[in-house]
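Here is a short briefing for a first look. Take in the sequence and the structure, then read on.

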Amino acid sequence: MTGDFLSLASVVGLVSGNLILRLIAVAIVAFIVVSIGSLIEIYIERKFWARIMSRYGPTEVGRYGSLQLFADAIKFISKEVFTPELADRTIYDIVPVLAVATSFVVLVAIPFDYAVSSLFPSSFHPSSFVISNFDPSLLVAFGFFAMEPVLVLFGGWAGGSKYTLIGGFRSAAQLISYEIPLVLSFLSVVALTRSLNLFQIIEVQSASWPFLILELPAFVLFLIAMLAELERTPFDLTEADSELVAGWNTEYGGSKFLLVYLSEYIRAFAGSAIITCLFLGGWVGPAPIPGLVWIFAKTIVVFTVLVWIRAAYPRVRIDQMLNLGWKVLVPSSVVWLVLTPYVANFAVVHHLLTL
Amino acid sequence: MGLEQGLGIIVFFALGAIVGYAAEFIPRLLIKSKKTAEKMMPFESGEDPVGTSRVRFRIQYYIFAVAFVTFDVVAAIAIPWAVGWNLIVWTPLLVLFGSMLLVIGYYAAKGELEWL
């Protein structure tokens with residue numbers, strides 16, 4: 001038995017025995033998943049968006065412009081790093097790092113680790129590798145999701161330019177206006193399954209209809225609120241490039257801008273994955289294709305829909321956006337949340353939902 | 001949520017922070033920075049900046065913030081209701097939701113939610 005000390009089984013045994021090693025392995029796996037996801041997202045964002053607008057998008061670097069992203073990343077990293085004179089140095093330097101770190105923590109709660117570990121049936125038992133199966137995982141995800149407005153406000157203030165400050169204030173007003181409909185509309189899914197665990201929500205969906213159908217109003221409300229939370233185009237007032245240059249990240253350049261950009265796409269990936277888990281059944285799908293492919297493909301499809309919305313709609317004004325948030329989304333999400341128990345009873349009686 | 005998840009959050013945060021810090025720190029070692037007056041001044045569409053950028057902000061942001069804090073408490077109280085609505089009395093939550101909608105209606109009628 002000593003001969004195969006470095007075999008796969010012993011490595012797996014070592015990793016599953018030691019808690020910290022196991023957590024680091026899960027974190028690295030999640031990082032690889034989210035990096036691949038972000039690359040695909042940025043490619044879709046540039047190419048699919050360009051094709052909708054009858055442009056070509058990137059074409060020169062690599063086949064169909066597929067290496068453009070790597071060229072951009074190398075360029076960002078090889079640019080000089082500097083802090084503008086009027087910037088608040090400490091906050092200015094720390095905001096991009098914190099933005100990446102807090103957006104990455106959201107992935108703790110999303111069951112990509114289960115989907116990855118179920119690729120290894122016998123030697124790599126799923127339960128030893130899965131950390132996302134814990135009770136208030138939705139709350140943890142949204143807790144770290146809600147860190148962004150603070151960072152945006154800090155970053156906008158620290159940049160020391162008027163554009164960044166206006167972008168930061170707008171972002172704070174926007175994000176706090178859409179936080180409540182976001183919470184109330186995901187709570188109606190929680191009320192249907194009576195669980196705050198994303199894992200259990202997906203397992204309930206695997207035995208009943210997807211919540212996209214049972215909870216269609218909540219899905220629409222959640223999608224709109226999520227678009228605003230991700231600061232994507234109908235609601236991208238914080239970056240409104242025709243008004244504020246680049247909004248709160250105007251003063252960030254080089255590798256700091258790369259980090260800000262990366263954190264935005266990590267957030268977009270995590271948000272699409274949360275929509276997938278809540279409404280589209282997560283890793284559930286017909287059998288021969290593994291669950292990882294399903295959850296990843298569904299996430300990318302949700303993101304593509306977000307890009308499509310971005311291409312199809314113009315930017316709203318800030319008063320229209322706040323009106324939509326306070327006067328439409330909050331009341332309708334409250335009404336739907338109070339109606340959800342009746343929907344749940346109806347669905348259980350008619351075997352649309354198995355608890 | 002146990003020790004495992006708590007440590008998991010810390011490990012994820014640490015990995016994100018290490019990657020972020022490395023991406024910010026390594027270029028600083030490799031690339032020499034040349035400071036010029038134009039490069040260090042805040043961007044204002046190519047003009048020389050006028051006045052300070054640390055301007056006072058309008059009171060309206062404060063009103064939105066206060067409304068958010070109040071109603072977020074209502075949303076937080078709705079979380080346990082959503083998990084156990086079949087076990088608990090609905091009246092307190094309905095009263096809270098009703099008063100939240102009333103206050104939003106009052107705000108809207110008074111015109112505080114209009115962006116000037």
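How many helices and strands does chain A have? Chain A has 16 helices and zero strands; helices (H or I, at least four residues) and strands (E, at least two) are DSSP runs, numbered from the N terminus. This is a predicted model, in which local features need pLDDT of at least 70, side-chain atom pairs count only at pLDDT 80 or more, and totals for chains, interfaces and linings use all residues. Residues are numbered from 1 along each chain as its sequence is written, while chains are lettered from A and ligands numbered from 1 in the order in which they are written.

**Overall form of chain A**
- The C-alpha trace spans about 60 × 60 × 40 Å along its principal axes.
- Of the 355 residues, 52% count as buried (20 or more other C-beta atoms within 10 Å of the residue's own, with C-beta atoms placed from the backbone).

**Contact with chain B**
- 69 residues of chain A are in contact with 52 residues of chain B (C-beta atoms, placed from the backbone, within 7 Å).
- α9(A) gives the largest share of chain A's side, 15 residues.

**Nonpolar core**
- The largest nonpolar core has 133 residues; such a core is a set of buried Ala, Val, Leu, Ile, Met, Phe, Trp, Tyr and Cys residues joined through C-beta atoms within 7 Å.
- α9(A) gives the most to this core, with 19 residues.
- A:Leu107, A:Ile110 and B:Phe12 have the most contacts inside the core.
- Leaving out residues up to four places away in sequence, A:Leu107 touches A:Ala30, A:Val34, A:Phe112, A:Ala270 and B:Phe12.

Notes:
Two residues are in contact if their C-beta atoms, placed from the backbone, lie within 7 Å. A residue is buried if 20 or more other C-beta atoms lie within 10 Å of its own, exposed if 12 or fewer, and partly exposed in between; C-beta atoms are placed from the backbone.
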